[in-house]
Amino acid sequence: MSIQQKAFLASKFLIAVFLFGFLCTSCGNPLIPKARFSAEYQGQNRQQATIEMPESYELSAILVALTGYRNVLNDKDPYVQAVKTHFSPFKDHPMVMYVAKKMTKLGSYNYVQFRKDAIMRSFTSEDNLINNGVYRIKFPINALTLGLADRPALLRDFVEKSNFRAFYAQHKDYYQRQIARAELYMPMQKMWKWAESQFPTRYDSYKIYLTAMDGGFHFTFRVANNGFQQTLMFVTAPNDLPDTRSEAEKEGAWSRMVFTEIDHNYVNPVTDTYRKQKRPCPIGKNGIKPKRGIKACTNRPI
């Protein structure tokens, strides 16, 4: 067998492993990060719902936006337009090209993995990107997936030439306002308490990551370590709502976005226990099942 044939078979094997994981994991989540929840971390986060817009996460969102994915930069939101103005001159940077190449292979899957990888990392004062010690990917399959630290030299060059860290620092007031509004209009504790009054599943902590740059692509997954259960969510930071909206209407609009992710963490474990009894997806008029498959039919509340 030639070297080329062996390489081809190896890539096919990796793809098969990926597809198996994708099809057999709740909410299309084949690579759940491995968590390390120390006693100190548990004490700080138990029964806490934390909303964040961390630097590494925003960097990943900007890199993807520069590839043209979901036409995010066409949004008229002032912050998005500030990102477009500042970073568009770097859309042909090799790091952006690397991200674009990966995105063309596995698209939305790689975008999810990219964001998962981003929340594992933080910058040092010397602009080095390091693991934060809380989350790690279980095993490397960089031949298929997209990680923020895949190309450290390219990433560092992009960060330095685009002055990303200065841009992030200049917009900290914006990030804090978004977090404050999310805390006001996304009453996580209320939704959390209600969900656990209806379902047997229990969680110790929620982490919600916001960005205006994700094109409405929300996602959630669950991790556990040392008896500590945590739910993590990727949610869009909403645009300003009109002043004509009442406070209740604003809460409803913001809460809807996050609750449609919260529900997965309670509905999915229940429906998964009845996997063999689930009703099949209805067949569409064209004779084709919905693209997202059977879970799209069974894991949404009715």
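This is a predicted model: local features need pLDDT of at least 70, side-chain atom pairs count only at pLDDT 80 or more; totals for chains, interfaces and linings use all residues.
The chain has 302 residues, and buried residues make up 47% of them.

In soluble globular proteins, nonpolar side chains tend to be buried together. In this model the largest nonpolar core contains 74 residues, and Leu63 and Tyr135 have the most contacts inside it. Helix 5, which spans residues 94–118, supplies the largest share of this core, with nine residues. Leu63 shows what such a core position looks like in practice. Leaving out residues up to four places away in sequence, Leu63 touches Met95, Val96, Val99, Phe114, Leu148, Leu155 and Phe158.

With helix 6 as the partner, helix 3 (residues 55–66) packs against residues 152–161 at an angle of about 90°, and the axes are 13 Å apart. An angle from 65 to 115 degrees counts as roughly perpendicular, so helix 3 is roughly perpendicular to helix 6. On the helix 3 side, the contact is made by Leu59, Leu63 and Leu66, and on the helix 6 side by Leu155, Phe158 and Val159. By class, this contact has six nonpolar residues, with no polar and no charged ones.

With helix 4 as the partner, the axes come within 11 Å and cross at roughly 70°. Helix 3 and helix 4 are therefore also roughly perpendicular to each other. Here Glu58, Ile62 and Leu66 of helix 3 meet Tyr79, Val83 and Phe87 of helix 4. By class, the contact of helix 3 with helix 4 has five nonpolar residues, no polar residues and one charged residue. Leu66 is named in the contact with helix 6 and again in the contact with helix 4.

Gln230 lies in strand 8, which covers residues 228–236. Its relative accessibility is 0%, so Gln230 counts as buried. The side chain of Gln230 makes a polar contact with the side chain of Tyr41 at 2.9 Å, and another with the side chain of Ser205 at 3.1 Å. Leaving aside neighbours within four places in sequence, Gln230 is in contact with Phe37, Tyr41, Tyr135, Tyr203, Ser205, Lys207, Phe221, Arg222 and Val223. One of these, Tyr135, was met above as a residue with the most contacts inside the largest nonpolar core.

The second residue is Arg115, which is placed in helix 5. Arg115 counts as buried because its relative accessibility is 1%, and buried means under 20%. Not counting residues up to four places away in sequence, Arg115 touches Tyr57, Ser60, Asp214, Phe217, Phe219 and Phe234.

Val270, in helix 11 (residues 264–272), is partly exposed, with a relative accessible area of 28%. Its C-alpha atom is separated by 8.1 Å from that of Phe199, which is 71 residues away along the chain. Apart from residues up to four places away in sequence, Val270 touches Phe199 and Pro200.

Arg70 lies in the loop between helix 3 and helix 4 (78–87). Arg70 is not a glycine, yet its phi is positive, at about 60°. With a relative accessible area of 42%, Arg70 is partly exposed. Asn163 sits in the loop between helix 6 and helix 7 (164–170). Asn163 likewise has a positive phi, of about 55°, without being a glycine. With a relative accessible area of 45%, Asn163 is partly exposed.

Conventions: Residues are numbered from 1 along each chain as its sequence is written. Side-chain values use heavy atoms; hydrogens and water are left out. Axes are lines fitted to C-alpha atoms, for helices over the stretch in contact, and angles run from 0 to 180 degrees between N-to-C directions. Helices (H or I, at least four residues) and strands (E, at least two) are DSSP runs, numbered from the N terminus. Angles under 35 degrees count as roughly parallel, over 145 as roughly antiparallel, 65 to 115 as roughly perpendicular and the rest as oblique. Contact means heavy atoms within 4.5 Å. Ala, Val, Leu, Ile, Met, Phe, Trp, Tyr, Cys and Pro count as nonpolar, Asp, Glu, Lys and Arg as charged, and the others, Gly among them, as polar. A nonpolar core is a set of buried Ala, Val, Leu, Ile, Met, Phe, Trp, Tyr and Cys residues joined through side-chain atoms within 4.5 Å. Buried means under 20% relative accessible area, exposed over 50%, partly exposed in between (1.4 Å probe, protein chains only). A polar contact is a pair of N or O atoms within 3.5 Å; within protein, one must be able to donate a hydrogen and the other to accept it, and residues adjacent in sequence count only if both atoms are side-chain atoms.
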